[in-house]
Amino acid sequence: MKFYGQLEKSNNYEENNVTILKAMEQYQNYNIARNLSPHSIEFYKICMEAFEKFYDCTKLCNTIDENVVFEYITHLKNKNTLNDTSINTNIRALRAMCYYFMKLGYTAPFQISMLRTEKKIKETYTDEELAILLKKPTISKTTFAEYRNWVIVNYLLATGNRVGTICDLKIKDVDFGAGAIRLSRTKNRNEQIIPISKTLHDVLKGYMKYRKGDGDDYLFCNVNGIRLSENGLKLAIRKYNLKRGVNKTSLHLFRHTFAKKWILNGGDVFRLQKMLGHSSMTIVREYVNMFSDDLKRDFDTFNPLEEFSNKRDEGIKLNPKKIRRMML
(Lines give C-alpha, C1' and ligand atoms only; values in the text may rest on other atoms or scores of the structure.)
Protein backbone atom coordinates (compact mmCIF):
# COMPACT_ATOMS: atom_id res chain seq x y z
CA MET A 1 0.00 0.00 0.00
CA LYS A 2 1.32 3.41 -0.93
CA PHE A 3 1.07 6.40 1.38
CA TYR A 4 1.65 10.11 1.07
CA GLY A 5 5.16 10.89 0.00
CA GLN A 6 6.05 7.48 -1.43
CA LEU A 7 7.58 7.47 -4.89
CA GLU A 8 8.22 4.56 -7.20
CA LYS A 9 10.62 6.34 -9.51
CA SER A 10 13.30 7.27 -6.97
CA ASN A 11 14.77 4.56 -4.78
CA ASN A 12 18.51 5.31 -4.74
CA TYR A 13 18.28 6.77 -1.28
CA GLU A 14 21.74 5.63 -0.20
CA GLU A 15 23.29 7.49 -3.13
CA ASN A 16 21.53 10.75 -2.29
CA ASN A 17 23.87 13.46 -0.99
CA VAL A 18 21.39 16.16 0.16
CA THR A 19 21.94 17.20 3.78
CA ILE A 20 19.05 17.55 6.18
CA LEU A 21 19.79 21.25 6.62
CA LYS A 22 19.57 21.83 2.87
CA ALA A 23 16.39 19.79 2.61
CA MET A 24 14.87 21.75 5.53
CA GLU A 25 15.56 24.97 3.67
CA GLN A 26 13.86 23.53 0.59
CA TYR A 27 10.91 22.43 2.72
CA GLN A 28 10.39 25.93 4.12
CA ASN A 29 10.56 27.40 0.61
CA TYR A 30 7.96 24.81 -0.39
CA ASN A 31 5.71 25.92 2.49
CA ILE A 32 6.09 29.56 1.50
CA ALA A 33 5.24 28.69 -2.11
CA ARG A 34 2.10 26.94 -0.84
CA ASN A 35 1.16 30.28 0.74
CA LEU A 36 0.99 28.93 4.28
CA SER A 37 0.24 31.51 6.93
CA PRO A 38 3.17 33.25 8.69
CA HIS A 39 2.05 31.47 11.86
CA SER A 40 2.43 28.07 10.17
CA ILE A 41 5.82 28.99 8.70
CA GLU A 42 7.04 30.02 12.16
CA PHE A 43 5.60 26.82 13.66
CA TYR A 44 7.60 24.61 11.27
CA LYS A 45 10.70 26.71 11.89
CA ILE A 46 10.47 26.20 15.66
CA CYS A 47 9.86 22.46 15.29
CA MET A 48 12.79 22.05 12.90
CA GLU A 49 15.07 23.96 15.28
CA ALA A 50 14.01 21.59 18.07
CA PHE A 51 14.92 18.59 15.86
CA GLU A 52 18.29 20.18 15.03
CA LYS A 53 19.14 20.28 18.74
CA PHE A 54 18.57 16.54 18.92
CA TYR A 55 19.99 15.30 15.63
CA ASP A 56 23.07 16.28 13.61
CA CYS A 57 21.37 17.84 10.59
CA THR A 58 24.62 18.17 8.68
CA LYS A 59 24.11 14.46 7.98
CA LEU A 60 22.42 13.30 4.81
CA CYS A 61 18.65 12.92 4.57
CA ASN A 62 19.00 9.19 3.91
CA THR A 63 20.13 8.71 7.52
CA ILE A 64 16.63 9.47 8.81
CA ASP A 65 14.60 6.34 9.45
CA GLU A 66 12.07 4.93 11.92
CA ASN A 67 14.72 4.45 14.60
CA VAL A 68 15.71 8.12 14.45
CA VAL A 69 12.06 9.12 14.90
CA PHE A 70 11.61 6.68 17.80
CA GLU A 71 14.74 8.06 19.47
CA TYR A 72 13.48 11.61 18.97
CA ILE A 73 10.12 10.76 20.56
CA THR A 74 11.94 9.18 23.52
CA HIS A 75 14.11 12.31 23.77
CA LEU A 76 10.99 14.51 23.92
CA LYS A 77 9.34 12.31 26.53
CA ASN A 78 12.46 12.32 28.72
CA LYS A 79 12.45 16.11 28.87
CA ASN A 80 9.46 15.90 31.26
CA THR A 81 8.35 19.36 30.17
CA LEU A 82 6.07 18.27 27.34
CA ASN A 83 2.81 16.38 27.60
CA ASP A 84 1.78 13.84 24.97
CA THR A 85 -0.29 16.40 23.08
CA SER A 86 2.70 18.75 22.77
CA ILE A 87 4.93 15.85 21.71
CA ASN A 88 2.40 14.96 19.02
CA THR A 89 2.57 18.54 17.79
CA ASN A 90 6.31 18.15 17.26
CA ILE A 91 5.89 14.74 15.65
CA ARG A 92 3.25 16.09 13.31
CA ALA A 93 5.65 18.74 12.06
CA LEU A 94 8.49 16.21 11.75
CA ARG A 95 6.21 13.85 9.85
CA ALA A 96 5.22 16.53 7.35
CA MET A 97 8.88 17.37 6.79
CA CYS A 98 10.01 13.75 6.43
CA TYR A 99 7.17 12.93 4.06
CA TYR A 100 8.30 15.84 1.92
CA PHE A 101 11.82 14.35 1.90
CA MET A 102 10.34 11.02 0.86
CA LYS A 103 8.39 12.73 -1.91
CA LEU A 104 11.66 14.12 -3.31
CA GLY A 105 13.37 10.77 -2.95
CA TYR A 106 15.80 12.00 -0.29
CA THR A 107 14.65 9.50 2.33
CA ALA A 108 13.43 5.92 2.14
CA PRO A 109 9.66 5.67 2.78
CA PHE A 110 8.46 4.71 6.27
CA GLN A 111 5.41 5.43 8.39
CA ILE A 112 5.36 7.91 11.26
CA SER A 113 2.53 7.51 13.78
CA MET A 114 1.27 9.83 16.50
CA LEU A 115 1.33 8.90 20.17
CA ARG A 116 -1.90 7.51 21.53
CA THR A 117 -3.35 10.07 23.92
CA GLU A 118 -6.38 10.22 26.16
CA LYS A 119 -8.91 12.83 25.16
CA LYS A 120 -9.46 15.04 28.20
CA ILE A 121 -12.57 17.05 28.84
CA LYS A 122 -11.96 20.56 27.56
CA GLU A 123 -12.20 23.13 30.34
CA THR A 124 -14.89 25.79 29.96
CA TYR A 125 -16.17 28.79 31.87
CA THR A 126 -18.93 28.00 34.36
CA ASP A 127 -22.29 29.79 34.32
CA GLU A 128 -21.30 31.60 37.52
CA GLU A 129 -18.06 32.83 35.96
CA LEU A 130 -19.84 33.94 32.80
CA ALA A 131 -22.40 35.88 34.84
CA ILE A 132 -19.54 37.78 36.50
CA LEU A 133 -17.69 38.46 33.24
CA LEU A 134 -20.82 39.53 31.37
CA LYS A 135 -21.99 42.04 33.97
CA LYS A 136 -21.98 45.34 32.11
CA PRO A 137 -19.80 48.06 33.62
CA THR A 138 -21.27 51.48 34.30
CA ILE A 139 -20.29 53.51 31.25
CA SER A 140 -19.91 56.79 33.14
CA LYS A 141 -17.59 55.19 35.71
CA THR A 142 -15.38 52.99 33.57
CA THR A 143 -12.50 53.39 31.11
CA PHE A 144 -12.68 52.74 27.39
CA ALA A 145 -10.41 49.69 27.81
CA GLU A 146 -12.65 48.17 30.49
CA TYR A 147 -15.76 48.71 28.38
CA ARG A 148 -14.02 47.36 25.26
CA ASN A 149 -12.95 44.24 27.17
CA TRP A 150 -16.55 43.66 28.26
CA VAL A 151 -17.64 43.93 24.61
CA ILE A 152 -14.90 41.47 23.59
CA VAL A 153 -16.05 38.95 26.21
CA ASN A 154 -19.57 39.21 24.78
CA TYR A 155 -18.15 38.76 21.29
CA LEU A 156 -16.10 35.71 22.30
CA LEU A 157 -19.07 33.96 23.88
CA ALA A 158 -21.34 34.82 20.94
CA THR A 159 -19.03 33.64 18.15
CA GLY A 160 -16.32 31.29 19.43
CA ASN A 161 -13.85 33.12 17.16
CA ARG A 162 -10.10 32.62 17.53
CA VAL A 163 -7.84 35.38 18.87
CA GLY A 164 -6.19 36.16 15.52
CA THR A 165 -9.56 36.46 13.81
CA ILE A 166 -10.79 38.94 16.41
CA CYS A 167 -7.66 41.10 16.21
CA ASP A 168 -8.05 41.49 12.43
CA LEU A 169 -11.73 42.52 12.54
CA LYS A 170 -12.41 45.92 11.02
CA ILE A 171 -15.42 48.14 11.56
CA LYS A 172 -16.59 47.55 7.99
CA ASP A 173 -16.65 43.79 8.63
CA VAL A 174 -19.70 44.22 10.86
CA ASP A 175 -22.81 44.60 8.70
CA PHE A 176 -25.66 45.51 11.01
CA GLY A 177 -28.11 45.74 8.10
CA ALA A 178 -27.43 42.19 6.96
CA GLY A 179 -26.98 40.94 10.52
CA ALA A 180 -23.62 39.36 9.66
CA ILE A 181 -19.90 39.62 10.36
CA ARG A 182 -17.22 39.00 7.74
CA LEU A 183 -14.18 37.13 9.02
CA SER A 184 -11.28 37.90 6.70
CA ARG A 185 -8.66 36.05 8.77
CA THR A 186 -9.33 32.43 9.72
CA LYS A 187 -7.08 29.48 10.48
CA ASN A 188 -7.81 27.78 7.14
CA ARG A 189 -7.47 31.18 5.39
CA ASN A 190 -10.97 31.00 3.92
CA GLU A 191 -13.10 34.11 4.31
CA GLN A 192 -16.17 33.37 6.40
CA ILE A 193 -19.52 35.04 7.06
CA ILE A 194 -21.23 34.45 10.41
CA PRO A 195 -24.55 35.80 11.73
CA ILE A 196 -24.82 38.29 14.58
CA SER A 197 -27.00 37.23 17.51
CA LYS A 198 -29.56 39.75 18.77
CA THR A 199 -27.67 40.48 21.98
CA LEU A 200 -24.31 40.86 20.24
CA HIS A 201 -25.97 43.17 17.70
CA ASP A 202 -27.08 45.48 20.53
CA VAL A 203 -23.71 45.24 22.33
CA LEU A 204 -21.72 46.16 19.18
CA LYS A 205 -24.15 48.95 18.30
CA GLY A 206 -23.63 50.49 21.71
CA TYR A 207 -19.87 50.01 21.49
CA MET A 208 -19.64 51.79 18.14
CA LYS A 209 -21.08 54.96 19.70
CA TYR A 210 -17.90 55.14 21.77
CA ARG A 211 -15.46 53.48 19.37
CA LYS A 212 -16.44 55.63 16.37
CA GLY A 213 -13.81 55.43 13.59
CA ASP A 214 -13.90 54.66 9.84
CA GLY A 215 -14.68 51.41 8.10
CA ASP A 216 -11.03 50.48 7.62
CA ASP A 217 -10.21 51.00 11.29
CA TYR A 218 -9.86 47.94 13.50
CA LEU A 219 -12.95 47.11 15.52
CA PHE A 220 -11.10 46.37 18.75
CA CYS A 221 -8.29 48.84 19.31
CA ASN A 222 -6.24 50.28 22.15
CA VAL A 223 -6.89 53.72 23.65
CA ASN A 224 -4.91 55.28 20.77
CA GLY A 225 -7.05 53.61 18.11
CA ILE A 226 -4.30 51.17 17.11
CA ARG A 227 -4.98 47.48 16.39
CA LEU A 228 -4.69 45.17 19.37
CA SER A 229 -2.00 42.51 18.96
CA GLU A 230 -2.82 38.91 19.89
CA ASN A 231 -0.65 39.16 23.00
CA GLY A 232 -2.18 42.52 23.82
CA LEU A 233 -5.69 41.07 23.59
CA LYS A 234 -4.77 38.06 25.73
CA LEU A 235 -3.21 40.31 28.37
CA ALA A 236 -6.22 42.65 28.35
CA ILE A 237 -8.72 39.84 28.95
CA ARG A 238 -6.45 38.26 31.55
CA LYS A 239 -6.45 41.50 33.55
CA TYR A 240 -10.20 41.91 33.01
CA ASN A 241 -10.99 38.41 34.31
CA LEU A 242 -8.67 38.60 37.31
CA LYS A 243 -10.01 42.02 38.28
CA ARG A 244 -13.48 40.48 38.43
CA GLY A 245 -12.29 37.54 40.50
CA VAL A 246 -12.30 34.92 37.73
CA ASN A 247 -9.01 32.99 37.80
CA LYS A 248 -9.52 31.39 34.37
CA THR A 249 -8.03 33.76 31.82
CA SER A 250 -7.68 31.82 28.57
CA LEU A 251 -9.40 33.30 25.54
CA HIS A 252 -9.56 29.85 23.94
CA LEU A 253 -11.77 28.68 26.82
CA PHE A 254 -14.47 30.96 25.42
CA ARG A 255 -14.28 28.93 22.20
CA HIS A 256 -14.73 25.69 24.16
CA THR A 257 -17.55 27.28 26.14
CA PHE A 258 -19.27 28.44 22.96
CA ALA A 259 -19.12 24.91 21.53
CA LYS A 260 -20.38 23.31 24.75
CA LYS A 261 -23.26 25.74 25.17
CA TRP A 262 -24.21 25.37 21.52
CA ILE A 263 -24.43 21.59 21.87
CA LEU A 264 -26.29 21.65 25.20
CA ASN A 265 -28.76 24.20 23.84
CA GLY A 266 -29.65 21.82 21.02
CA GLY A 267 -27.68 23.43 18.21
CA ASP A 268 -26.87 21.15 15.28
CA VAL A 269 -23.28 20.06 14.74
CA PHE A 270 -23.19 21.09 11.08
CA ARG A 271 -23.82 24.75 11.87
CA LEU A 272 -21.40 24.48 14.78
CA GLN A 273 -18.74 23.29 12.34
CA LYS A 274 -19.37 26.35 10.16
CA MET A 275 -19.35 28.74 13.12
CA LEU A 276 -16.05 27.35 14.42
CA GLY A 277 -14.54 27.36 10.92
CA HIS A 278 -13.45 23.72 10.94
CA SER A 279 -12.87 22.10 7.55
CA SER A 280 -13.97 18.69 8.86
CA MET A 281 -16.27 17.29 11.54
CA THR A 282 -13.41 15.68 13.49
CA ILE A 283 -13.01 18.39 16.14
CA VAL A 284 -16.77 18.94 16.36
CA ARG A 285 -17.24 15.23 17.13
CA GLU A 286 -14.61 15.58 19.85
CA TYR A 287 -16.68 18.34 21.44
CA VAL A 288 -19.78 16.13 21.39
CA ASN A 289 -17.88 13.22 22.95
CA MET A 290 -16.18 15.38 25.57
CA PHE A 291 -19.42 16.89 26.77
CA SER A 292 -21.34 13.58 26.74
CA ASP A 293 -21.95 13.70 30.50
CA ASP A 294 -23.51 17.13 30.20
CA LEU A 295 -25.71 15.86 27.37
CA LYS A 296 -27.29 13.41 29.84
CA ARG A 297 -28.80 16.37 31.66
CA ASP A 298 -32.59 16.45 31.13
CA PHE A 299 -32.14 13.60 28.65
CA ASP A 300 -35.60 12.18 29.41
CA THR A 301 -37.15 15.55 28.61
CA PHE A 302 -35.95 15.43 25.00
CA ASN A 303 -35.91 11.69 24.36
CA PRO A 304 -38.58 10.68 21.79
CA LEU A 305 -39.41 7.41 23.58
CA GLU A 306 -39.95 9.21 26.87
CA GLU A 307 -42.23 11.70 25.10
CA PHE A 308 -44.31 8.85 23.68
CA SER A 309 -44.36 7.09 27.05
CA ASN A 310 -45.54 10.24 28.82
CA LYS A 311 -48.40 10.63 26.39
CA ARG A 312 -49.34 7.00 26.92
CA ASP A 313 -49.24 7.44 30.67
CA GLU A 314 -51.44 10.49 30.38
CA GLY A 315 -54.16 8.27 28.97
CA ILE A 316 -53.89 9.04 25.28
CA LYS A 317 -55.65 6.20 23.46
CA LEU A 318 -54.47 4.87 20.15
CA ASN A 319 -56.83 3.59 17.49
CA PRO A 320 -56.21 -0.23 17.15
CA LYS A 321 -57.25 -0.18 13.48
CA LYS A 322 -54.78 2.61 12.74
CA ILE A 323 -51.99 0.67 14.46
CA ARG A 324 -52.74 -2.46 12.38
CA ARG A 325 -52.64 -0.40 9.15
CA MET A 326 -49.27 1.03 10.15
CA MET A 327 -47.88 -2.43 10.81
CA LEU A 328 -48.92 -3.84 7.41
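Two exercises with worked solutions follow; the model is a predicted one.

**Exercise 1.** Describe how helix α3 (residues 66-78) and helix α4 (residues 84-104) are arranged relative to each other.

*Solution.* 
Step 1. Two packed helices are described by the angle between their axes and the distance between the axes.
Step 2. For α3 and α4, the axes come within 10 Å, and the crossing angle is roughly 150 degrees.
Step 3. Angles over 145 degrees count as roughly antiparallel, so α3 is roughly antiparallel to α4.
Step 4. The crossing of α3 past α4 is right-handed.
Step 5. On the α3 side, the residues that meet α4 are Val69, Tyr72, Ile73, Leu76 and Lys77. Their partners in α4 are Asp84, Ile87, Asn90, Ile91 and Leu94.
Step 6. Sorted by class, this contact of α3 with α4 comprises seven nonpolar, one polar and two charged residues.

**Exercise 2.** Identify the residues that touch the most other members of the largest nonpolar core, and state which element gives the most to this core.

*Solution.* 
Step 1. The largest nonpolar core has 43 residues, and those touching the most other members are Tyr155, Ile181, Leu219, Phe220 and Leu233.
Step 2. Elements that give two or more residues to this core include α6 (144-159), β2 (180-183) and α9 (230-243).
Step 3. The most is given by α6, with seven residues.
Step 4. Consider Leu233: leaving aside neighbours within four places in sequence, Leu233 is in contact with Ile152, Val163, Ile166, Cys167, Leu228 and Leu251.
Step 5. Another core, of 31 residues, lies apart from this one; among its residues are Tyr72, Leu76, Cys98 and Phe110.

Conventions. Residues are numbered from 1 along each chain as its sequence is written. This is a predicted model: local features need pLDDT of at least 70, side-chain atom pairs count only at pLDDT 80 or more; totals for chains, interfaces and linings use all residues. Side-chain values use heavy atoms; hydrogens and water are left out. Axes are lines fitted to C-alpha atoms, for helices over the stretch in contact, and angles run from 0 to 180 degrees between N-to-C directions. Helices (H or I, at least four residues) and strands (E, at least two) are DSSP runs, numbered from the N terminus. Angles under 35 degrees count as roughly parallel, over 145 as roughly antiparallel, 65 to 115 as roughly perpendicular and the rest as oblique. A crossing is left-handed if the near helix is turned anticlockwise from the far one by less than a right angle, and right-handed if clockwise. Contact means heavy atoms within 4.5 Å. Ala, Val, Leu, Ile, Met, Phe, Trp, Tyr, Cys and Pro count as nonpolar, Asp, Glu, Lys and Arg as charged, and the others, Gly among them, as polar. A nonpolar core is a set of buried Ala, Val, Leu, Ile, Met, Phe, Trp, Tyr and Cys residues joined through side-chain atoms within 4.5 Å. Buried means under 20% relative accessible area, exposed over 50%, partly exposed in between (1.4 Å probe, protein chains only).
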